[in-house]
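Reader: I have a model open and want to learn how to read it. Can we take it feature by feature?

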Amino acid sequence: MSQLDIDPEGLDSSGSQIEGVAERFFSALEQFSAKIEGFSDASGGDEIGGLIGMAHQEVFAAAQECFTEAAQSIADAGYDLRDFAKQHTDVDDEIAAIFAKLESDLGGGA
């Protein structure tokens, strides 16, 4: 049988780091969005410029949605790792409590 070693502290730390990456991604996305929105009127006010502007807005909205979903997925992965670490620690603590009670019930050992 293979041995599985889980490091809850390492998982929690990795989850925190991944959540930090997501926060920086969200921040960069906000800065990027602000810059792109500054270019929205660059196409001009005539009919062709209006069409280019509409296309620009649609493409930008689709890209922004993709980037936001990616950042959220990264944040969710970090949360999931931290949650898995907590669940693992909680189960370990429950098992330790069961063994401590068994030891107590059996008279404290040999």
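Reader: Which side chain meets Asp105 in a salt bridge?

Author: Start with the general idea. Side chains of opposite charge can pair when their charged atoms come close. Now the case here, in what is a predicted model. The partner of Asp105 is Lys101, with 3.0 Å from N to O. Asp105 and Lys101 sit four residues apart in helix H2, about one turn of the helix.

Reader: Is Asp105 buried or exposed?

Author: Exposed. Asp105 has a relative accessible area of 51%, and the cut-off for exposed is over 50%. Lys101 counts as exposed too, at 51% relative accessibility.

Reader: Which salt bridges share partners?

Author: Those that join Asp12, Glu19 and Arg82 into one network.

Reader: How many salt bridges are there by this rule?

Author: The count comes to four. One of them pairs Glu19 with Arg82, where the closest N and O atoms are 3.3 Å apart. Glu19 lies in helix H1 and Arg82 in helix H2, so this pair ties together parts that are 63 residues apart in sequence. Arg82 is partly exposed, with a relative accessible area of 32%.

Reader: What does Lys86 form with Asp90?

Author: A salt bridge. The closest N and O atoms of Lys86 and Asp90 are 2.8 Å apart. Lys86 and Asp90 are separated by about one helical turn, because they are four residues apart in helix H2. Asp90 counts as partly exposed, at 31% relative accessibility.

Reader: Let us turn to the rings. What describes a pair of aromatic rings?

Author: Two values do. A pair is described by the distance of the centres and the angle of the planes. In this structure the count comes to two aromatic pairs. Phe32 and Phe60 form a tilted pair, 6.2 Å centre to centre with 50° between the planes. Phe32 belongs to helix H1, which covers residues 8-37, and Phe60 to helix H2, so the pair ties together parts that are 28 residues apart in sequence.

Reader: Is Phe60 buried or exposed?

Author: Buried. Phe60 has a relative accessible area of 12%, and buried means under 20%. Phe32 counts as partly exposed, at 36% relative accessibility.

Reader: Which kind of pair do Phe32 and Phe67 form?

Author: An edge-to-face pair. The rings of Phe32 and Phe67 are 6.3 Å apart centre to centre, with 75° between the planes. Phe32 is in helix H1 and Phe67 in helix H2, so this pair ties together parts that are 35 residues apart in sequence. Phe67 is partly exposed, with a relative accessible area of 35%. Ring pairs link Phe32, Phe60 and Phe67 into a cluster.

Reader: Now the nonpolar surface. Which residues make a nonpolar surface patch?

Author: Val91, Ile95, Ile98, Phe99, Leu102 and Leu106 make one of about 610 Å². Take Leu102 as the example. Leu102 lies in helix H2, which covers residues 47-105. Leu102 is partly exposed, with a relative accessible area of 43%.

Reader: Ile6 is found in the segment before H1. Which residues does Ile6 touch?

Author: Leu11, Phe84 and His88, not counting residues up to four places away in sequence. Ile6 is partly exposed, with a relative accessible area of 30%. For scale, the C-alpha atoms of Ile6 and Ala70 are separated by 27 Å, and these residues are 64 apart along the chain.

Reader: Step back to the chain. How many helices and strands does the protein chain have?

Author: Two helices and zero strands. The radius of gyration is 26 Å, well over the 13 Å that the globule rule gives for 110 residues, so the protein chain is more spread out than a compact globule. The C-alpha trace spans about 90 × 25 × 20 Å along its principal axes.

Reader: What share of the residues counts as buried?

Author: Of the 110 residues, 15% do. The accessible surface of the protein chain comes to about 8,400 Å², and 59% of that belongs to carbon and sulfur atoms.

Reader: And the contacts? What share joins residues at least 24 apart?

Author: Among contacts between residues at least 6 apart in sequence, 86% do.

Key
Residues are numbered from 1 along each chain as its sequence is written. This is a predicted model: local features need pLDDT of at least 70, side-chain atom pairs count only at pLDDT 80 or more; totals for chains, interfaces and linings use all residues. Side-chain values use heavy atoms; hydrogens and water are left out. Patches are made of residues with over 30% relative accessible area and no salt bridge: like charges are joined within 9 Å, nonpolar side chains (Val, Leu, Ile, Met, Phe, Trp, Tyr) within 5 Å. Accessible areas come from the Shrake-Rupley method with a 1.4 Å probe; for residues, only the protein chains shown count as cover. Buried means under 20% relative accessible area, exposed over 50%, partly exposed in between (1.4 Å probe, protein chains only). Rings of Phe, Tyr and Trp (its six-membered ring) pair if their centres lie within 6.5 Å; planes under 30 degrees apart count as stacked, over 60 as edge-to-face and the rest as tilted. The radius of gyration is taken over C-alpha atoms; the globule rule is 2.2 Å times the number of residues to the power 0.38. Contact means heavy atoms within 4.5 Å.
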